[in-house]
Amino acid sequence: MTAATTGQTGTAGSYPDRTPQRQGRQKTRWRARHRRALVAWLFMLPLLLVNGVVIAGPGIASLYYSFTSWTGVGDAEWVGLANYRRLLSDENFLSAFWHNIWWTIFFLTVPMTMGLLGAYLVSRVRRFQMFFRLAYFIPYIIATVVSAAIWQNILSPEYGIGAQLAKFGIHVLDDVNFLGDGRLALPSVAFVNNWQWWGFLLVVFLAAMQGVNPSLYEAARLDGANAWQEFRYITLPAIRPTVVFLALMTIIWSFLVFDYVYILTRGGPAGATEVLGTLLYTAAFGSHEAGYAAAIGVVMAAISFVVVCGYLVLRRTRGWET
Amino acid sequence: MALSRRRLLSLSGSAAALAALSACTQGSATRRDANAITLWAAFQRNADRQYFEKHFVDAFNQTHDFQVKLTVKDVESLERLQQTAIASGQGPDIVVTSGPSYALEYVNADKLLPLDTYAEQGGWAEKLQSWAYDAGKVGDTLYSIPSSFETMIAFVNKEVMEKYGWTPPRTREDFEELCAEAQGHGLMPVLAGSADWKPATEWHVSVILNHYAGPEAVYAALTGETPWTDPVFVDAITLLNSYFQKGWFGGGVKEYFTNRFDTLNARFAKGEIALDIVGSWAFADMKNFFDGKTGAGPQAWDWAPLPAFRDGVPQELYTLSVGGTYSINADSANPDKAAEYLTWLLSDTKRVGEAVAAIAFQPYPLHYKESDFPPATDERIRRLYVDLAAARSFGYVTWTFWPPKSDVYIYQEMDKVLTGKLTPKEYCAGLDEVFQEERKAGKVPPIPPPQDA
């Protein structure tokens, strides 16, 4: 904005004409602002470059390939929506999709409940709290491949927990094959994944709980609130942003699950633990149907996108960010 | 110009990112070295890797004016990494694949060079067994040569056989009698498991298709003359499923999915399993587990051809398997040198024979004679490769002669038959649907005839 446009031209002798000085200051401020922005962008540039190469580029390419019958090498032939139509009638995809939904429900309930409850109980412990925090958090820092191998042995019908109990005359698990029985395989893999995961939730929830104003609890106690009422009416509302955020991430991660399933069962037995991630992998590198695999990937990304949008809407409409 | 701390930081970050990105192109830079060719490979055991490096790479490099640069990858990731590299116009000069049907994917994408001229110059057609040479052709053009060959056989623990008075089964009746008796004695009749290798199910499907339906029927189906819904295939799958349901394979269906090879091989050596129906690649396992400590001693194992599960199917039938292929990358800067190396690999049957003796190496399908193997070679291993080179009845394994999608279907959906989610008839109908789709798309590799291949 210049002086001419504001009409504040002033008159000679009444006020000194400061327009050039003002313009100079504005220019300086403008330069400083732009310099700060430039520096900020320079800091972000490496990350943007890497994200462009690792995420945006392959993401756009995947979207394109999902409309082709690409084999993974050579030219891609445009097939329109054929891959997406096939998804709707592919029993393996529908089964894997259902397994992901089951997985999401499981991880939204079991570990979240365990994490919340565990964090609340640990928060009330006065002595050795650090010990409990560490004990529950340690599984999270063990490499997936290591913990999967450990649990594979524990669940093995040949030398696992069932076989060890049998040595002591306890035969309750004699006919139980956790990873070989189609009805038990998915819950078993989820159990192993949960063993590693819930301790992390506990620590995050505990950190959030420690930020709750203690005077609220004191006031509640004066009003005669019991432990459950304190948790229900003070703790839970106070840590709601953390709970909602972790629920959001749980949904996204549940649709991206791959590692434990691949290591423990490779989607078997007979597709009983097949999830979208393992199905995509087999389609791309086993059947050489990279176009179809890209369509599965796009669906997975779309689900995450919808979840994030839902979260943002909730934040705005319900004020869940505070 | 003076650099502020902020600017220095931001420039350093950018430089690091650029350096990281430029590192991505190093693979191609190596390949475009005019005096070297590149080969990516994966090895199950470190001993195999060391032997190959010394005798198949270093030995070549010491006697030639250009170098072979071997890059070792993880077994599970080799094909995935290579596929990604080749798709972007990179990758090694010599391309390895899991078999002709996988090489065909690269051929269809114009990523492999025709090898006919090189084959003629190097005499590859004379060096390789004819079926193996023909398996690398698409139409009349050669695009790949086998990097190993295998066949499905039955391993036995001779001490177990002697103890129970059994002999390796020759017919379906022999087989079923042995399995029933073994189960009665508390043994696992047939070593089987898929926890380590999910596609292991296709080994058994390959066996039953060839040794029940017969190689003529399989050939007819692979060439599109008959559908996979033919009753003979449905019966074959029904029979295999019945063996699993009886608990003969792996001790039961549930156990089959969690059985691990190390545990099974140890039990086999201890005499707890009657038969091991597996590929000839398992020679190395026999050497490892029959060590006199885990179980029986080194002389206690032997092998026999698989039984004929139906009248009219040849008794001395070997299902042929190409364990992998070599081709030349269409983007290679040194195709002549790559071809020279391939010619060298095929040039010496004694060198391969020595590798077989030393590490139970899976040999190239050359024309072997007894004298190609050094005296130290295990007689049982030498016998297989000499018999195989002279055999006249061949079958087809699914991972070599079925196109990729059908191949995945074979083991993935067979697991559903075993768990009762699919009937054998539905399984064969589904296979036919997938196979015909791939056949129309030109994805079925060349199929050598079953006799005199």
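Predicted model: local features only at pLDDT ≥ 70, side-chain atom pairs only at ≥ 80, totals over all residues.
What radius of gyration does chain B have, and what would a compact globule of 453 residues have? Select chain B.

Residues are numbered from 1 along each chain as its sequence is written, while chains are lettered from A and ligands numbered from 1 in the order written.

Stay on chain B. Along the principal axes, its C-alpha atoms fill a box of roughly 90 × 50 × 50 Å. Colour by secondary structure: chain B holds 22 helices and 11 strands (DSSP runs, H or I of at least four residues and E of at least two, numbered from the N terminus).

Next, show both chains. In contact are 32 residues of chain A and 33 residues of chain B (C-beta atoms, placed from the backbone, within 7 Å). On the chain A side, α2 (19–65) and α13 (276–285) each give two or more residues. α2(A) gives the most, with 8 residues.

Now select residues 129–141 of chain A. This is helix α5, with 13 residues. From first C-alpha to last it reaches 19 Å, close to the 18 Å expected (1.5 Å times one less than its number of residues). Zoom in on Ala135(A). A kink of about 25° lies there, shortly before the proline Pro139(A) (the angle between axes fitted to the seven residues ending there and the seven starting there).

Notes:
Contact = placed C-beta atoms within 7 Å.
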